[in-house]
2 protein chains.
Amino acid sequence: MDRINAIRKQITSVDISKMKRAQERLDALIKPRGSLGKLEEIAKLIVAITGKENPVLRKKIIFTFAADHGVVKEGVSAFPQAVTGQMVYNFLSGGAGINVLARHVGARVVVADLGVASDLKPDKRLIIKKINYGTKNMAEGPAMTRDEALRSIEVGIEIFEEEFKNGVDIVGIGEMGIGNTTAASAITASFTNMPLAQLTGRGTGLNDKELENKIRVIEKALAVNKPDAKDPIDVLAKVGGFEIGGLTGLILAACARKIPVVIDGFISSSAALIAYCLEPKTKEYMIAAHASVENGHIFVLNHIGLKPIFDLELRLGEGTGAALAMGIIDASLKIMTEMATFKGAQVSERAP
Amino acid sequence: MDRINAIRKQITSVDISKMKRAQERLDALIKPRGSLGKLEEIAKLIVAITGKENPVLRKKIIFTFAADHGVVKEGVSAFPQAVTGQMVYNFLSGGAGINVLARHVGARVVVADLGVASDLKPDKRLIIKKINYGTKNMAEGPAMTRDEALRSIEVGIEIFEEEFKNGVDIVGIGEMGIGNTTAASAITASFTNMPLAQLTGRGTGLNDKELENKIRVIEKALAVNKPDAKDPIDVLAKVGGFEIGGLTGLILAACARKIPVVIDGFISSSAALIAYCLEPKTKEYMIAAHASVENGHIFVLNHIGLKPIFDLELRLGEGTGAALAMGIIDASLKIMTEMATFKGAQVSERAP
């Protein structure tokens, strides 16, 4: 907890004064004021976060954290638990959705095992920081101990710091974990008090009956565990997951280093929600990539106060939406740095 | 008219049968079915349009057509008419928004003068196919003659065919013309019968009073000219623009060659609307990039039956939204061609 508290104290507000100057520069470009909409907002935000007048995002990393969930015993997922570990191998071999989309935007994928239920083959590209072999079944008791929750956050901090040594300009967060929309729904319910029927979605593809069961399982998990929303670590421990805790730590560490964090879908956003509840200033460093198909996602974004860049009806996770958003973020900065000004280009300004 | 009719006859429906096969391939990839949402829909559409199983969009072109509008005499724009020509020079020197965003996605910008009000300096990168020195003031009579309307469409066809000789895999359409949101609103009103108060927006930044004036000017133009919605050439001639006619022709020619057409904002969409009214099959080749801030845009898209990929609150035109959308379209095809399959990657499929 000491390390987490130390990181929290390092997180300071972004430099709002820089946004005004960035807006002035955007207004000098040969276009009607504000006509590039969200691109202008994003560019200003990156200036405020990084404190740099001309930020260039050369080193992009998508962190994809994997872990398993004991609650799959309750039949909350359409896919078998083995898929979590199998997908980790695919992240390493470059054939998963996140690999394709990360390549598309020039980002690197950093894969970490924070709690896959089986031992994965060692691979120099795989970070193995297993907290445990999957969480316990949250429908029967806490998913993890408080110590494990703290450890998962600390591991996320460690992984970020390791990469930060080699340079990173922007991070995207993603995840893989069969059963983790159940954890994300339970976390969201704990903090927002929204009804589970609204917060719970079909994940990888549940039918109506399976969805009803999933809602009942989450109800039971909340009743059995009574997570305390005033204590985000308690929520993470009782109904969270190791990959979620890891992403929470990663967000805290990135904010402390003034690195923009691109949030992917529902599960990544539940990690962002925990980070936000631990330290509200983290919100200033977050960019919500997209609005997921998964029901609960928009409620998490609303609770934090984030607006997604786009809605491409995605629900894959892994960081795929965050990767696509990095392409748009790059474009927004190029607008600011590569476009000509009215003065430089001798274009008449609007009538007085 | 003969050339336009000949092109219309060459436009055949896209190959829907290929979409089913593309969906099967998408379903075999290591992800829950349909979890990449719009990316999957776009990939299937490109397969159907091109008829290719593995389309790769190497040669991307954004066509940015410029022309002036006599209606600016009525005070419908916040910027002076001279800006149209000034911006053409900027498109050539690479400092405009469209240049930045086209470079970002690896697209080339082809700039053509279809009716700028002044003589532009010759430049080998500039296509000069001036129909006239701007349109006439539509508030007083037809913006152009019927012959000029036909000629503008034919010029659009010619420009496409010239580029097609050197190869093109996808086109985006964009425009520049001070006063052209007035033309786009008048065109949209002619075909949709929606009230002008809903169809008319602030363009480059009108205030409330100027917006009221713009609506009155369009009302007058429609009353004076009585454009016949059953005759799209009549609508183009009476309340359109040379750049809009050119884009209409370009769309027809691209569809005849089975090349996907990415539609940008309100003005580009008004050209798409004319093309659609001339030949409804053109719709099958169109991809709507974005939902513009400009009020009338969504009504045009609804009328054609197109759904925008994203909403970034853009209202610059030039083809900027189309360029950004090309990045997403590229990503969708990479998903289809670069992702591993369940079988190939030894990932367990969902529980039966």
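This is a predicted model: local features need pLDDT of at least 70, side-chain atom pairs count only at pLDDT 80 or more; totals for chains, interfaces and linings use all residues.
Over all chains, the structure holds 43 salt bridges.

- The size of an interface is often given as the accessible area lost when the parts come together.
- On the chain B side, 13% of the area that chain B buries against chain A is supplied by B:His104, B:Leu312 and B:Arg350, which is more than any other three residues supply.
- Polar contacts join 19 residue pairs between chain B and chain A, counting pairs with both residues at pLDDT 80 or more.
- One salt bridge across the contact pairs A:Glu338 with B:Arg103, and the closest N and O atoms are 2.9 Å apart.

- B:Asn90 sits in helix α4 of chain B.
- Is B:Asn90 buried or exposed? With a relative accessibility of 5%, B:Asn90 counts as buried, because the cut-off for buried is under 20%.
- Leaving aside neighbours within four places in sequence, its contacts in chain A are A:Ile30, A:Ala340, A:Ala345 and A:Val347.

**Paired strands in chain B**

- Strand β2 (residues 107-115) of chain B is mostly covered, with 7 of its 9 residues buried.
- Strand β1 (residues 60-67) of chain B pairs with β2(B) in the parallel sense, over 8 bridges.
- Within that pairing, B:Ile61 has B:Arg108 of β2(B) as its bridge partner.
- β2(B) also pairs in the parallel sense with strand β3 (residues 126-128) of chain B, over 3 bridges.
- In β3(B), B:Ile128 is the bridge partner of B:Asp113.

- Side chains of opposite charge can pair when their charged atoms come close.
- B:Arg108 meets B:Glu163 in a salt bridge, at 2.7 Å from N to O.
- B:Glu163 lies in helix α6 (residues 146-165) of chain B and B:Arg108 in strand β2 of chain B, so this pair ties together parts that are 55 residues apart in sequence.
- B:Glu163 is buried at 11% relative accessible area, whereas B:Arg108 is partly exposed at 42%.

**Other salt bridges**

- A:Arg146 and A:Asp231 form a salt bridge whose closest N and O atoms are 2.8 Å apart.
- This pair links distant parts of the chain, 85 residues apart: A:Arg146 is in helix α6 (residues 146-165) of chain A, and A:Asp231 is in the loop between α9 (208-225) and α10 (232-239) of chain A.
- A:Arg146 counts as partly exposed, at 38% relative accessibility.
- A:Asp234 and A:Lys238 form a salt bridge at 3.1 Å from N to O.
- Both residues lie in helix α10 of chain A, 4 residues apart, about one turn of the helix.
- A:Asp234 is buried, with a relative accessible area of 13%.
- In chain B, a network of salt bridges links B:Arg3, B:Lys129, B:Arg151, B:Glu154 and B:Glu158.

**A:Gly319, a buried loop residue**

- A:Gly319 is found in the loop between α13 (297-304) and α14 (320-338) of chain A.
- Its relative accessible area is 0%, so A:Gly319 is buried.
- The C-alpha atoms of A:Gly319 and A:Ile62 are separated by 6.5 Å, although the two are 257 residues apart along the chain.
- Not counting residues up to four places away in sequence, A:Gly319 touches A:Ile62, A:Ile98, A:Ile173, A:Gly174, A:Glu175 and A:Asp264.

Key
Residues are numbered from 1 along each chain as its sequence is written. Chains are lettered from A and ligands numbered from 1 in the order in which they are written. Side-chain values use heavy atoms; hydrogens and water are left out. Buried area is the accessible area (1.4 Å probe) that two parts lose on being put together, summed over both. A salt bridge is a side-chain nitrogen of Lys or Arg within 4 Å of a carboxyl oxygen of Asp or Glu. A polar contact is a pair of N or O atoms within 3.5 Å; within protein, one must be able to donate a hydrogen and the other to accept it, and residues adjacent in sequence count only if both atoms are side-chain atoms. Buried means under 20% relative accessible area, exposed over 50%, partly exposed in between (1.4 Å probe, protein chains only). Helices (H or I, at least four residues) and strands (E, at least two) are DSSP runs, numbered from the N terminus. Two strands pair if DSSP finds at least two bridges between them. Contact means heavy atoms within 4.5 Å.
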